[in-house]
Amino acid sequence: MKIDNREFFKLSFIYTAVAAFPPVLNLLVRPLIEGENRLDPAEFSRIEIAETISSLAFIIAMYSMGNALSRFYYDVTGEKKAYNVLVSSVFNSIIVRGLFVLAIAYIFRNYIGSLFSQPGLQDFSEYGFAAVITGINRAVNMTAFALYRNEKKVRLFLIFNLLLGFMRSAFQVAGVFYYDMSFVGYVYGNCFGSAFVAVSVLIYTWSKTGFHYNVGDMKPVHSFARPLFHYALIAWGITFADRYFLEGMPRDLGIYSQALILGRGIEIILQGLQGASQPEMFRLMKDGTTKNMGEIKKLSNMLMAQSQAIIAASILPAMLYCMVFTTDLRLAAGLVTIVFVRFLLRTQYIIFSFPVYFEKKTGIFLYLNIIVLAVNLVLLWLLIPVMGIYGAIAAFIVSQAMQVAGIYWYQNRIIKISWNLRKLLIVPAMLMALTILTEVVKVHCGFNEFATAGFVVFAFGAGLVFLYKNEIVKILAKLWMRFS
């Protein structure tokens, strides 16, 4: 079985560009609502805490249904009745779990508010329920997008992503300027904009599949998803715990959150690449891992190369974007390089997880990430009081590196794949180490952040040329033949 390179690159470009559209619009919205007499870094810190709550609600409502549906879709291909029951049951289960999360949030609203030191966050009822509903909306939308990618329904993927971008951004601006000139207006705008798309997705889905919930059919789906859900909860702790540790420093958290929102855009783009790669990887493995070893390696190398190129190409534009702010949010430019480069670890983790997902050995995610979470929390507790924002970044990098090492070790135990480790591990690790060293020199010697970022971008480009010179020569030769 051969990968159609043209088809793969076309789909990966479409999925990446379309998935990037909502966060790009979100970036355009931020300068409109920031500044004197508008939102300051402290308000953006509260937006980040609301996003943390939304993300937790998303994980619980989702229950890893996106991954489960992507895998079980291949078991019902060509069986219309089974397909309809599976898809409808998955979406209905999300709604039920979402209502459960809302009920819990209502019961414990006062306790949740007491967890925060900022007065603006202590009245959970003012913003919390909207944040929870935003998470439920996201669970519906992300599950639908995962299904459309597997079915290669590019038009549907395009329509709903564009609609999500437009509606969410429009309501965010309206919420701030016409409802409440604070983070509360932003949170409500996010909620209503994403709800419009989620309801549209549900209506469309039910009109095609009918309304079903089959307990028996969902048992294997839940068994597959349960360890992934546990992993997602722990991953949420790893990813968002730093926000809680920084919550008592609103200005710093606001600046950090600006770098993170830019990084979140990179993460969504990488999820688009993963969305294009995962179905191809599963098809190759279903057809025979040993027989398709060369194509599996080729696909994984392409995913890593695309990730490196996107990260490197995004650093300087993201830093320039930060310069449009008039408050201390512009200081986020100095954090962009290290925040972006750490997503190399995410790509490595995705690649080495593919065989684990396919073999349905998902129990490892729970045990591995309990250890990773424990290390992350200890490091946050030790480093943030001393290093502030950089303590949070250091804790993330160390814990994510442990995560990559652990999943690589386990994957190698259950199925032998002769990865190109120079392309997937060694050179990316060297680039990560070089970026960390450059960041340390910048901070201690006072070098200009654009100069050090330019050096890192050059190193990434050189690494790509070194690793993929043969592929680059072939592409250039084809282009020369076509246009000469």
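Which hand does the crossing of H4 and H7 have, left or right? Before that, some ground rules. This is a predicted model, where local features need pLDDT of at least 70, side-chain atom pairs count only at pLDDT 80 or more, and totals for chains, interfaces and linings use all residues. Residues are numbered from 1 along each chain as its sequence is written, and side-chain values use heavy atoms, leaving out hydrogens and water.

Now the helix pair. Helix H4 covers residues 80-107 and helix H7 residues 124-151; helices here are DSSP runs (H or I, at least four residues), numbered from the N terminus. They pack at about 165 degrees, with axes 10 Å apart; axes are lines fitted to C-alpha atoms over the stretch in contact, and angles run from 0 to 180 degrees between N-to-C directions. H4 is therefore roughly antiparallel to H7, a label for angles over 145. As for the opening question, the crossing is right-handed, meaning that the near helix is turned clockwise from the far one by less than a right angle.

Contact means heavy atoms within 4.5 Å. Residues of H4 including Phe91 and Ile95 meet residues of H7, among them Ile136 and Val140.

Next, a glutamine. Gln411 lies in helix H16, residues 389-414. Gln411 counts as buried because its relative accessibility is 0%; buried means under 20% relative accessible area, with a 1.4 Å probe and protein chains only. Not counting residues up to four places away in sequence, Gln411 touches Phe352, Pro355, Val356, Ile417 and Trp419. The C-alpha atoms of Gln411 and Glu359 are separated by 9.8 Å, at 52 residues apart along the chain.

Note on methods
Helices (H or I, at least four residues) and strands (E, at least two) are DSSP runs, numbered from the N terminus. Buried means under 20% relative accessible area, exposed over 50%, partly exposed in between (1.4 Å probe, protein chains only). Angles under 35 degrees count as roughly parallel, over 145 as roughly antiparallel, 65 to 115 as roughly perpendicular and the rest as oblique.
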